[in-house]
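Thanks for coming. I will go through one structure this morning, starting with the parts of a single chain and ending where the chains meet. Please look at the picture while I talk.

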Number of protein chains: 2
Amino acid sequence: MSDLSHLINHQFRLASRPVGLPTQANWSRTQELVQAPPPGGLLLKTLALSLDPAMRGWMNEGKSYIAPVAIGEVMRAGGVGQVLASNHPQFAVGDYVSAGFGVQEYLTLGPDELARNGVAKIDLRLGSLTQWLNVLGMPGMTGYFGLMDVGQPQAGETLVVSGAAGAVGQTVGQMARIKGCRVVGIAGGPAKCDWVVGELGFDACIDYKAGPNAVKDGLKQHCPKGVDIYFDNVGGEILDTVLTRINRRARIIICGAISQYNNTTPVQGPKNYLSLLVNRARMEGIVVFDYAARYPQAIAEMAGYLKDGRMKSKEDVVQGLDAFPDALGKLFSGENFGKLVLQVAPT
Amino acid sequence: MSDLSHLINHQFRLASRPVGLPTQANWSRTQELVQAPPPGGLLLKTLALSLDPAMRGWMNEGKSYIAPVAIGEVMRAGGVGQVLASNHPQFAVGDYVSAGFGVQEYLTLGPDELARNGVAKIDLRLGSLTQWLNVLGMPGMTGYFGLMDVGQPQAGETLVVSGAAGAVGQTVGQMARIKGCRVVGIAGGPAKCDWVVGELGFDACIDYKAGPNAVKDGLKQHCPKGVDIYFDNVGGEILDTVLTRINRRARIIICGAISQYNNTTPVQGPKNYLSLLVNRARMEGIVVFDYAARYPQAIAEMAGYLKDGRMKSKEDVVQGLDAFPDALGKLFSGENFGKLVLQVAPT
């Protein structure tokens with residue numbers, strides 16, 4: 001332990017709550033000496049962090065499905081890392097784990113904090129480190145349970161997913177394809193669209209940036225039998241447009257609304273929501289934590305698909321803790337191509 | 001039959017599609033000679049018609065859950081009446097029936113048209129003629145199945161219903177109370193609120209006209225444990241306000257949106273719809289026709305409650321076919337107190 005005691009832990013803390021898009025001014029870079037683990041505790045080293053649209057919500061004040069990050073607190077982030085020092089019988093130095101690391105290089109946890117931070121060993125034979133932040137991580141679990149439990153896909157149905165090249169979208173589209181659905185993605189730009197069709201095997205992908213009627217026309221063209229399931233990651237105009245094409249008893253999974261997170265005006269409500277009435281359809285929200293007890297089952301199933309090639313994954317890896325503020329901005333401009341990962345230490 | 005052949009049938013036909021609130025100019029009054037029933041058919045006399053918010057939607061062009069009323073067509077309306085002449089073995093002169101009468105005094109149907117117009121005998125021992133347009137009619141069926149199938153009320157849960165003094169609202173609130181829920185209505189004006197609490201036994205009723213924060217404050221006061229089920233008949237601001245008070249796994253039944261039907265601007269989408277995500281809640285539409293096979297079961301159950309006094313009903317009866325345009329207007333101004341009925345002939 002003595003050689004760890006002089007390690008410096010660099011961190012990003014929330015300095016102020018953003019109005020609109022987060023800026024550098026919303027963060028303070030801090031550093032502190034790494035603490036040795038208490039009895040029963042662990043010292044973890046961050047290897048890679050998951051950057052997710054949900055982080056924007058955690059920066060806001062007010063009630064949500066999870067408490068906001070307090071001003072002055074290390075920014076919340078899930079990640080993968082390695083045990084540097086262990087006083088816990090079930091963890092050995094060198095073990096790989098996923099956990100709520102926060103945007104920092106090291107994390108010291110007491111025995112009571114392990115569960116609260118979701119510390120769990122990960123098996124790199126099932127997937128790579130970055131896949132453990134993608135298909136096998138929170139976004140993958142979100143996509144899996146949102147699709148399977150709320151969407152309840154039936155073979156032959158048509159599924160549409162927005163943010164198709166993102167972490168959740170990849171999982172949803174590929175799982176729906178495996179379950180026998182016609183799968184149509186919505187993504188920004190031809191590169192992402194080509195990839196989800198060419199690499200992931202989606203039936204089609206609509207480039208929402210291709211013109212003002214791109215989504216409307218694309219749905220008409222690629223969903224000739226209407227939309228049975230819409231997995232919504234974006235909200236706004238795209239949600240409203242899909243609502244005009246849903247079938248009877250359609251299911252709309254509300255997973256996120258990235259188009260609205262940086263609004264300085266009120267959220268744009270779906271003005272076509274009465275399509276739910278006309279079509280006896282359902283719009284339902286999902287929060288991944290509710291399914292924690294069933295993560296292992298979903299991980300096992302999807303690790304099998306990764307292994308046999310029925311699922312693929314793509315991560316967009318940005319290097320270095322200091323790149324955090326800029327990297328987060330990529331999510332909201334749609335610049336990331338694949339699941340956005342911040343690599344904090346070499347592996 | 002000979003004495004029926006000179007009867008005049010007065011009618012209201014749709015002359016033009018309204019922009020905003022319907023006006024007299026949207027209707028043409030027509031008359032024609034009553035036709036004798038063909039072999040296997042019926043001649044029906046209208047006694048009373050049901051005036052419902054949904055009629056506004058039928059006046060619009062465009063795809064909905066039912067075809068629009070065509071220009072020049074007799075306005076669609078459900079009603080109750082009597083068999084004046086019968087060539088059908090299952091109907092006798094004098095039988096009471098419910099049917100899609102249209103806004104007219106008489107209706108002649110061929111044998112193929114009986115099912116299409118939903119002709120069914122009604123039993124006045126189960127409820128009065130006007131109750132057959134209210135709790136035992138379409139609004140009652142809408143409330144019953146929306147609540148029971150989509151809302152799935154559990155004893156101890158809190159239900160909120162808007163349009164509480166209206167036809168659907170009466171049914172929903174009283175059924176939820178019978179099922180053991182805490183029931184809070186939303187209605188316009190103290191008279192309606194006093195009635196749903198004093199007569200129908202709701203736990204509370206919020207007068208949405210009492211001030212700009214009346215609904216917000218009322219929900220806070222009367223739903224101390226939050227809202228588990230919201231049965232929405234109105235949409236707009238009230239829907240948005242209720243969305244801020246829902247519990248985890250709440251169910252929102254989208255039955256209508258009377259606040260939006262006469263808009264000349266786009267429908268106001270629920271800007272707080274992301275509360276569905278935070279609360280893992282569901283918003284689902286209902287169309288009553290889907291439950292036609294189960295109407296008898298719901299009628300039998302609620303007729304029992306009417307008989308033993310556990311349910312009451314209130315109808316607001318307007319006299320005379322010619323009053324139709326003005327009576328319809330009462331719905332949208334909220335002037336009607338109870339289920340709005342147009343009495344076409346004395347009973």
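Chain A is divided into domain 1, covering 2-134 + 314-343, and domain 2, covering 138-289; such bounds come from an automatic or database domain assignment. Before going on: this is a predicted model, where local features need pLDDT of at least 70, side-chain atom pairs count only at pLDDT 80 or more, and totals for chains, interfaces and linings use all residues. Residues are numbered from 1 along each chain as its sequence is written, while chains are lettered from A and ligands numbered from 1 in the order in which they are written.

Back to the two domains of chain A. Their centres, taken over C-alpha atoms, are separated by 29 Å. In the contact between them, domain 1 of chain A has 18 residues and domain 2 of chain A has 16 residues; two residues are in contact if their C-beta atoms, placed from the backbone, lie within 7 Å. On the domain 1 side, the largest share, 3 residues, comes from helix α1 (residues 54-58) of chain A. Helices (H or I, at least four residues) and strands (E, at least two) are DSSP runs, numbered from the N terminus. By class, that side of domain 1 has 7 nonpolar, 7 polar and 4 charged residues. Here Ala, Val, Leu, Ile, Met, Phe, Trp, Tyr, Cys and Pro count as nonpolar, Asp, Glu, Lys and Arg as charged, and the others, Gly among them, as polar.

Next, the sheet. In what order do the 12 strands of the open sheet run? The order is β10(A)-β9(A)-β8(A)-β11(A)-β12(A)-β13(A)-β13(B)-β12(B)-β11(B)-β8(B)-β9(B)-β10(B), with mixed pairing. Two strands pair if DSSP finds at least two bridges between them. The edge strands, each pairing on one side only, are β10 (204-207) of chain A and β10 (204-207) of chain B. On average, neighbouring strands of this sheet are turned by 15° against each other, direction ignored. Axes are lines fitted to C-alpha atoms, for helices over the stretch in contact, and angles run from 0 to 180 degrees between N-to-C directions.

Look at the chain A end. Strand β9 (residues 182-187) of chain A pairs with β10(A) in the parallel sense over 4 bridges, and A:A187 stands opposite A:D207 in β10(A). Helix α6 (residues 214-222) of chain A lies across β9, β10 and β11 (227-232) of chain A, at about 165° to β10(A).

Helix α6(A) also packs against helix α7 (residues 236-243) of chain A, at an angle of about 35° and with the axes 10 Å apart. This contact is made by A:V215, A:K216 and A:L219 of α6(A) and A:I238, A:T241 and A:V242 of α7(A). By class, these residues divide into 4 nonpolar, 1 polar and 1 charged.

Last, the place where the chains meet. How many residues does each chain bring to the contact? Chain A gives 25 residues and chain B gives 25 residues. On the chain A side, α8 (275-278) and β13 (282-285) each supply at least two residues, and β13(A) has the largest share, 4 residues. The chain A side has 15 nonpolar, 5 polar and 5 charged residues. Strand β13(A) is joined to strand β13 (residues 282-285) of chain B by 3 bridges, and the two run antiparallel. There, A:E284 stands opposite B:R282 in β13(B).
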